[in-house]
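Reader: Can you walk me through this model? I'd like the cores, a helix and the salt bridges.

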Amino acid sequence: PDSFAVTGPAEYARLLAELTLAYGALGPILQSLGFFDLGQTPWFRVLLALLALHCLVRMADQVTLWRRLRRPTPDAPLPASGLAVDELPVAAPLATVITLLQAELGSRFAHVVTSQSPLDGAPQGAGDDVAGDSDLQTATIHATRGALGALGNALSYLGPVLVLLGLVVTQYLGWREANLDLAPGQQVGLAQYPGVTITAMDVGDTSQLSVTRGSRVQALTLAAGRPAHTGPVGLFQTGGGAALQVSVQSRAGRPVPLRPLVGGAQADEQKILFQQAQEEISLAVPLRSVVLRFVYFTELPGQGFDGPVILAQAFQVGDDTPLFSEFITHAGSFTIGDDTYTFTPTRYVQIDAVYDPGLWLVLLGGLVTLIGLIMFAGRAPARAWAWLVGRDDETAATLAVLGSGPTTRQELAALVDPVAGLAALHTPTAPAAEPDPAEAAS
């Protein structure tokens, strides 16, 4: 059960016991492991804390990536894994290969930076035979795109952190007062929100409420699926049912007080709320030694009632013979002695008053996550490198691409193809063989 949705420790303990019993032999085991109260179990809270830590670390990593994608440098650190790499020799000058790669990368990436310097030690991708060759030059080209995608990734990790933070805020600062039943004219105060009184003005499919906060009166409309708000408190309709207003007047027109037999206080008018079918509720008229008995039925086809009906009976204390017994479907009055008994069928609405201070953080977290996913889907991050070692007549090229999907290899192939074409273009062709003079003479 949700501890946030019950009215107090006793109600919560009762629901927990019922749930444990419903699972039979597994119930005590599941309860001891905390599966009936995940929000309160230490191991679940540790998992949530680890999840938040993971999201924060990943967010920091994506923010770092976003900065590197926006302002790349040739000496940017390489990722630990995920690179698609290819090497090929090119029979073309280093400057020609650099120009070609800058053009190819510039057409696919947002930022392209290049550095070039004399060879310092053995180059990456080159053999031992080129080490120490003073004519060799090296160049590094780094291209990036998808900075917004990396930022979107960061936002998609920030969103869950905001959601978890909102849940924590609600857990420790929020409250709920559940099962507040109101018939027309009834009012109830909120124990968790002193100074606020809710009065039901009209009850039906759509209920009209009046909320008093100090000297301010606010009119609210409430319906199933359409909550109302007063200040930071949300009012949610969770149910409702049949109700009956009962009053008694003497011949002189003075009200005769009534009192519930079980609970409740004496008043000139009582409102009976029926929680279920065939529920029996009784009222006492102390000054007349009369007991009123009411039973609610959703229908009584045998008595000719196809809809809701209430059986109303009156008994003199100590006598089992009813003073009157009537079925009530509409407002009406009955006379016993010098007194007039008035019964008015109506309905009541059941509401929950909820203060959820973390709700806005949860909603914001969901929105931030959605925006982040859209940004990432629009332009996923990608990076490419080219390490070149060459001289005036030949170049060794090492090409690498890091993407975020199955097309990484395809993108590497699209980069390798023009370089390979350049190699074929600059490969010298063998001269045609001279004809044999003897064969020519013959």
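Author: Here is a short tour of the packing and the charged pairs. This is a predicted model, where local features need pLDDT of at least 70, side-chain atom pairs count only at pLDDT 80 or more, and totals for chains, interfaces and linings use all residues. Residues are numbered from 1 along each chain as its sequence is written, and side-chain values use heavy atoms, with hydrogens and water left out.

Reader: Which residues touch the most other members of the largest nonpolar core?

Author: Leu 101, Leu 388 and Leu 399, in a core of 25 residues. A core here is a set of buried Ala, Val, Leu, Ile, Met, Phe, Trp, Tyr and Cys residues joined through side-chain atoms within 4.5 Å. Buried means under 20% relative accessible area, exposed over 50%, partly exposed in between (1.4 Å probe, protein chains only).

Reader: Which elements give two or more residues to this core?

Author: β1 (84-90), α4 (94-108), β3 (137-145), β19 (382-390), β20 (395-402) and α7 (408-426). Helices (H or I, at least four residues) and strands (E, at least two) are DSSP runs, numbered from the N terminus. Apart from this core lies another, of 23 residues, including Val 246 and Leu 283.

Reader: What does Leu 388 touch?

Author: Leaving out residues up to four places away in sequence, its contacts (heavy atoms within 4.5 Å) include Leu 94, Val 97, Ile 98 and Leu 101. Ile 141 and Ala 396 are also among them.

Reader: Back to α4. Which residues are buried there?

Author: Leu 94, Val 97, Ile 98, Leu 101 and Leu 105. They cover an arc of only 100° around the axis, which puts them on the same side of α4. That arc is taken from the directions from the helix axis to the C-beta atoms. The face turned away from the buried side carries exposed Ala 95, Thr 99 and Ser 107.

Reader: New topic. How many salt bridges?

Author: Nine, counting a side-chain nitrogen of Lys or Arg within 4 Å of a carboxyl oxygen of Asp or Glu.

Reader: What does Arg 288 pair with?

Author: Asp 339, at 2.5 Å, N to O. Arg 288 lies in the loop between β13 and β14 and Asp 339 in strand β18 (residues 339-355), so the pair ties together parts 51 residues apart in sequence.

Reader: Is Asp 339 buried or exposed?

Author: Buried, with a relative accessible area of 4%. Arg 288 is partly exposed, at 30%.

Reader: And what about Arg 58?

Author: Arg 58 forms a salt bridge with Asp 61, the closest N and O atoms being 3.0 Å apart. The two are three residues apart in helix α3 (residues 42-70), about one helical turn.
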